[in-house]
Amino acid sequence: MESLHTYLACSLALLASLGAGTPQLRYENNATADFLEANSKLDSANYYIFTRQDAGNCSSPLCGGFFVKGLNVPLTKCFDGASAPDCYVAELNVSTLGSPDAEQVQQFIAQFLSGSALVRGDLEPFDMEQFPMVPRLVVSEAWSGATGNEPWGQSWLLADTSIRCATTPCLYLEGSMLNEKKVQALAGVDLESLTGGGRELSQRGYEELTQRNIIAAGTLELVEGQSGKAQIFVASEWYTQISVIFCTEDEQCGEKKWCRQLQGTQESACTPFAQLGDMCEGFTLPWLFQRCAPDLICQTPDSSASIADLSGICQVPEDVKDASLAVPPPRRRLRFLPFNLR
């Protein structure tokens with residue numbers, strides 16, 4: 001009996017040492033499922049996906065925006081409390097996000113409006129000039145699709161619990177269905193069956209999952225192993241969370257960038273200066289405006305003296321007086337409109 005007590009004490013000490021520094025409890029049997037489902041801390045509410053552009057004929061912002069719907073639910077609760085298959089949004093507000101890269105932000109907004117990205121946020125009203133109670137989507141999380149595939153199946157938030165087992169299947173993943181109060185322990189996720197994904201992309205997904213949560217769309221599939229049966233998640237698409245940092249003035253952007261307004265939002269982000277030979281300035285949409293690097297000037301062709309609003313070319317100041325700009329006339333661009341195009 002004494003030897004048995006000694007063995008148990010040593011075993012418990014070994015398990016404690018293996019779990020040191022890891023916040024999750026470790027189990028090696030399917031009782032893990034009950035533990036995870038009873039103690040889940042994953043928050044999977046308020047996730048949305050783009051559905052369609054608004055084709056209304058009224059003036060902006062009452063028309064001209066877009067529609068979104070909640071993932072995994074037949075009806076979405078709109079900003080006014082009414083439920084509908086999808087809800088109208090006049091503005092995508094990304095000011096609460098936290099990469100000082102305007103291109104990354106623009107790519108994400110374009111990706112979201114193509115249906116290949118997800119956001120978490122709140123649908124709420126705001127006042128826009130003479131229009132009160134305009135609906136907007138205030139984004140708190142931005143999730144970028146890995147492959148661009150059209151997702152099918154249900155969308156789940158997946159987390160690695162750090163549980164590792166001696167037998168299979170091992171319930172080492174925790175899954176929470178987006179916008180639903182459903183949590184499940186999973187024996188793995190299949191990212192290798194994605195169309196057009198490739199091994200490199202699936203490997204990146206597995207590595208990302210060991211470091212932070214991912215979202216995946218797809219279905220559950222039953223597998224069997226030495227310790228019994230369990231479910232894995234077979235993905236049709238997976239999403240990685242991105243972060244962006246916005247600016248309000250040029251001084252926040254360093255020496256190689258300046259602060260420029262983003263398309264489809266009231267926010268601005270740092271964008272690189274135009275370089276030697278690039279087009280610059282002129283009247284254009286604010287998110288297309290180009291500013292020369294500090295050691296260059298924007299020189300317009302001689303023929304532009306009688307043509308207002310033409311763009312110029314970034315040139316070295318010392319060369320401007322003697323150099324003739326043998327370049328084709330730039331295209332005339334649109335003057336900035338007093339509202340955001342979405």
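Leucine 158 has glycine 175 of β10 as its bridge partner, within an antiparallel pairing of strand β9 (residues 154-160) and β10 that extends over five bridges; strands here are DSSP runs (E, at least two residues) and helices likewise (H or I, at least four), numbered from the N terminus, and two strands pair if DSSP finds at least two bridges between them. The model is predicted, with local features requiring pLDDT of at least 70 and side-chain atom pairs counted only at pLDDT 80 or more, whereas totals for chains, interfaces and linings use all residues. Residues are numbered from 1 along each chain as its sequence is written, and side-chain values use heavy atoms, with hydrogens and water left out.

Strand β10 is also joined to strand β11 (residues 183-186), by four bridges and in the antiparallel sense, and glutamate 174 has alanine 185 of β11 as its bridge partner. Five residues lie between the strands of this hairpin, in which asparagine 179 takes a positive phi near 65 degrees. Because five of the five residues of β10 (residues 173-177) are buried, the strand is largely enclosed by the rest of the structure, where buried denotes under 20% relative accessible area, exposed over 50%, and partly exposed the range in between (1.4 Å probe, protein chains only). Leu173, Gly175 and Met177 point one way from β10, while Glu174 and Ser176 point the other way, and all are buried.

A further open sheet has three strands in the order β17-β19-β18, with antiparallel pairing, and its edge strands, β17 (279-280) and β18 (297-299), each pair on one side only. Two bridges connect β17 with strand β19 (residues 312-315), and isoleucine 313 in β19 is the bridge partner of methionine 279.

Cysteine 259, located in strand β15 (residues 257-261), is buried, with a relative accessible area of 13%. Residues up to four places away in sequence being left out, cysteine 259 touches Cys247, Thr248, Glu249, Asp250, Cys253, Ser268 and Ala269, contact being defined as heavy atoms within 4.5 Å.
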